[in-house]
Amino acid sequence: MNRTEETAGTVVQGKKQINQDTKVKVRSIAFVGLFGALSTILMLLRFPLPFLPPFMSFDLSGVMEIMGGFMFGPAAAFMIIVVKILLQLVIQGSFSFGTGELQGLILSSAYVIPALIIYHWEKSKRTAIAGMFVSTLVVSGVAVITNLYLIIPFYVSLFGMTMEDIIAMCTAVNPAVTDVTGMVIMGILPFNLIKYGATSVVTFFVYKRLSKLIRGVINQ
């Protein structure tokens, strides 16, 4: 083979590689959109938990967000969160003038970002578990702050309620809750620990098998 033929072969190989890289990127973007749609569906299946604040709903939409982050990186995870919120607005509209959606963006980000930082620092099962454990603690703490200083004050103002009315709603499902401290300790905090703890457990058992399947489709 002469030099001209070698050069031509290199060019052809380079074009094939570019085409393959383009296909991978397009398929990855498609899966990010799909994950966002699935996250929306999981969020629409939300429901309250017994003995916990009735204004808080349990769902597993975070599973798709953090799995997307593990597979495609933090930027992809953020896009999945944004797609979920936008689709929710299209399907249901906003019942809180955007405050609930802002809360969703904050909490989803607080959950996925710490886990992804830890995981991408050293990709292993150990760091994935550690990352989700840390994220569950972080987002639960953030949820306490955002509920006390953002969500609850907003609803109190919007519907002409008082903090006592909010506490009474919690007391109705759990008589042990009689003040703000009780609402935090026996309501907001355990709710989020359960929600994001369950999200982490489901992700742990589903991620490896699903990621292999998806990467196979993307790279074929």
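A salt bridge is a side-chain nitrogen of Lys or Arg within 4 Å of a carboxyl oxygen of Asp or Glu. In this predicted model, Arg126 forms such a bridge with Glu122. The closest N and O atoms of Arg126 and Glu122 are 3.3 Å apart, so the pair falls within the 4 Å cut-off. Arg126 has a relative accessibility of 53% and counts as exposed, because the limit for that class is over 50%. Glu122, at 35%, is partly exposed.

A search of the whole structure finds three salt bridges. Another of them joins the side chains of Asp59 and Lys195, with an N to O distance of 3.4 Å. Asp59 lies in the loop between α1 (3–44) and α2 (62–72), and Lys195 lies in helix α7 (residues 180–219). Asp59 is buried at 7%. Lys195 is buried at 12%.

Glu65 and Lys84 also meet through their side chains in a salt bridge, at 2.7 Å from N to O. Glu65 belongs to helix α2, and Lys84 to helix α3 (residues 74–92). The pair links distant parts of the chain, 19 residues apart. Glu65 is buried, with a relative accessible area of 1%. Lys84 is buried as well, with a value of 5%.

Lys84 also takes part in a helix contact, that of α3 with α4. Two packed helices are described by the angle between their axes and the distance between the axes. The axes of α3 and helix α4 (residues 99–121) come within 9 Å. They cross at roughly 160°. That angle makes α3 roughly antiparallel to α4, because angles over 145 degrees fall in that class. The crossing of α3 and α4 is right-handed.

On the α3 side, the contact is made by Pro74, Ala77, Phe78, Ile81, Lys84, Ile85, Gln88 and Leu89. On the α4 side, the residues are Glu101, Gly104, Leu105, Ser108, Ser109, Val112, Leu116 and His120. What kinds of residue make up the contact of α3 with α4? Nine are nonpolar, five are polar and two are charged.

Notes: Residues numbered from 1 in each chain as written. Predicted model: local features only at pLDDT ≥ 70, side-chain atom pairs only at ≥ 80, totals over all residues. Heavy atoms only, no water. Helix = DSSP H or I, 4+ residues; strand = E, 2+ residues; numbered from the N terminus. Buried < 20%, exposed > 50% of the residue type's maximum accessible area, 1.4 Å probe, protein only. Axes fitted to C-alpha atoms, helices over the stretch in contact; angles between N-to-C directions. Parallel < 35°, antiparallel > 145°, perpendicular 65-115°, else oblique. Left-handed = near helix turned anticlockwise from the far one by under 90°. Contact = heavy atoms within 4.5 Å. Nonpolar A, V, L, I, M, F, W, Y, C, P; charged D, E, K, R; others polar.
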